[in-house]
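User: Can you walk me through this one? I'd like the sheets and whatever packs on them.
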Amino acid sequence: MRIGTWNVNSLRVRLPHLLEWLETDPVDVVGLQEIKMQDEQFPHEALRAAGWNAVSNGQKTYNGVAILSRQAIEDVVLDIPGFEDPQKRVIAATVGGVRVICVYVVNGQAVGSEKYEYKMRWLSALHAYVTSEAAQHEKLAVVGDYNIAPAPEDTHDPEVWEGGILCSDAERAHYRELLDVGLVDCLALNPPEGETRFTWWDYRQAAFRRNMGLRIDHVLASKALAATLSECQIHLEPRRRERPSDHAPVSASF
DNA sequence: ATGGCCGAGCGCCTCGGA
């Protein structure tokens with residue numbers, strides 16, 4: 001099974017890119033982030049016509065997540081149970097015996113800001129949720145836009161990024177805590193062969209062409225699942241298109 | 001050209017993104 005993740009930055013704008021990518025690359029399940037639309041607007045028909053089932057947890061303008069699968073989608077849970085949050089950032093479902101949690105982690109804006117404090121609280125709640133899910137599902141994948149670059153080499157310029165937002169010690173401690181639940185960072189374990197380790201590039205300053213990026217989109221897999229990990233990919237084709245998302249899709253094969 | 005982004009909305013500026 002190949003499991004993917006992609007922050008599409010508006011599904012309305014990116015639907016043609018998504019359909020083309022799904023046709024080109026043999027993923028079986030994919031988590032989407034920043035769909036930026038309500039569930040009523042979700043393009044179920046276009047996806048179904050292309051052979052995809054989908055469940056979404058959407059909201060207007062901001063955030064919004066979804067899971068797409070060729071196989072049947074079961075046991076859907078929205079949000080982090082027990083954590084009060086108006087922002088739609090989490091959706092979970094079971095596909096082919098694998099529990100998949102799709103997350104759009106809070107950005108946090110600046111270290112020490114109000115949004116950063118929200119990010120800290122949010123990550124604590126995610127940790128509790130993932131701990132509980134890991135206890136119930138041997139095969140678990142937690143995929144998404146984590147808005148955390150786990151290590152200095154996950155930024156194009158540590159001089160600029162170290163200690164700042166996405167790279168602070170507290171954010172990285174939260175990330176390690178998730179791994180300590182018994183999850184493996186698939187891209188870090190099995191880096192794809194190719195020109196980059198990054199998954200996001202700013203729209204400004206020709207950052208993609210110059211490979212000035214960050215590795216912030218991750219596929220985390222439970223040890224039982226990671227034991228069968230064969231290949232990871234960062235799909236650069238969609239990032240090269242006209243009017244791209246600023247994130248590239250990432251996938252891991254099990 | 002060493003750079004000056006992009007999506008959304010009660011839109012023509014502001015917010016949020018990372």
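Analyst: One term before the strands: two strands pair if DSSP finds at least two bridges between them. Also, this is a predicted model.

User: Fine. How many bridges link E7 and E8, and in which sense do they pair?
Analyst: Strand E7, residues 98-104, pairs with E8 over 6 bridges, in the parallel sense. Val 100 stands opposite Ala 141 in E8.

User: How does the chain get from E7 to E8, and what is the hand of the crossover?
Analyst: The path from E7 runs through H3 to E8, a β-α-β crossover that is right-handed.

User: Which way do E6 and E7 run relative to each other?
Analyst: Antiparallel: 6 bridges join strand E6, residues 90-95, to E7. Ala 92 has Ile 101 in E7 as its bridge partner.

User: What about H3 against H5? Angle and distance?
Analyst: Helix H3 (residues 114-136) packs with helix H5 (residues 169-180) at an angle of about 5°, the axes being 10 Å apart. Angles under 35 degrees count as roughly parallel, so H3 is roughly parallel to H5.

User: Which residues meet there?
Analyst: On the H3 side, Met 120, Leu 123, His 127 and Val 130; on the H5 side, Ala 170, His 174, Glu 177 and Leu 178. By class, the contact of H3 with H5 has 5 nonpolar, 2 polar and 1 charged residues.

User: Now the sheet with E3 in it. What's the order there?
Analyst: That is an open sheet of 6 strands with mixed pairing, in the order E3-E4-E2-E1-E14-E13. Strand E3 (53-57) and strand E13 (231-234) are the edge strands, each pairing on one side only.

User: How is E3 joined to E4?
Analyst: By 5 bridges, with E3 and strand E4 (residues 65-69) running antiparallel. Asn 53 stands opposite Ser 69 in E4.

User: Switching topic: where is Pro 244?
Analyst: Pro 244 is in the loop between helix H8 (237-240) and strand E14 (250-253).

User: Buried or exposed, and why?
Analyst: Pro 244 counts as buried, because it has 20 C-beta neighbours inside 10 Å. The cut-off for buried is 20 or more.

User: What does Pro 244 touch?
Analyst: Leaving out residues up to four places away in sequence, Pro 244 touches Pro 238 and Arg 239.

User: And how far is Pro 244 from Gly 97?
Analyst: C-alpha to C-alpha, Pro 244 and Gly 97 are 33 Å apart in space, and they are 147 residues apart in sequence.

Conventions. Residues are numbered from 1 along each chain as its sequence is written. Chains are lettered from A and ligands numbered from 1 in the order in which they are written. This is a predicted model: local features need pLDDT of at least 70, side-chain atom pairs count only at pLDDT 80 or more; totals for chains, interfaces and linings use all residues. Axes are lines fitted to C-alpha atoms, for helices over the stretch in contact, and angles run from 0 to 180 degrees between N-to-C directions. Helices (H or I, at least four residues) and strands (E, at least two) are DSSP runs, numbered from the N terminus. Angles under 35 degrees count as roughly parallel, over 145 as roughly antiparallel, 65 to 115 as roughly perpendicular and the rest as oblique. Two residues are in contact if their C-beta atoms, placed from the backbone, lie within 7 Å. Ala, Val, Leu, Ile, Met, Phe, Trp, Tyr, Cys and Pro count as nonpolar, Asp, Glu, Lys and Arg as charged, and the others, Gly among them, as polar. A crossover is right-handed if, with the strands pointing away from the viewer, the path from the first strand over the helix to the second runs clockwise. A residue is buried if 20 or more other C-beta atoms lie within 10 Å of its own, exposed if 12 or fewer, and partly exposed in between; C-beta atoms are placed from the backbone.
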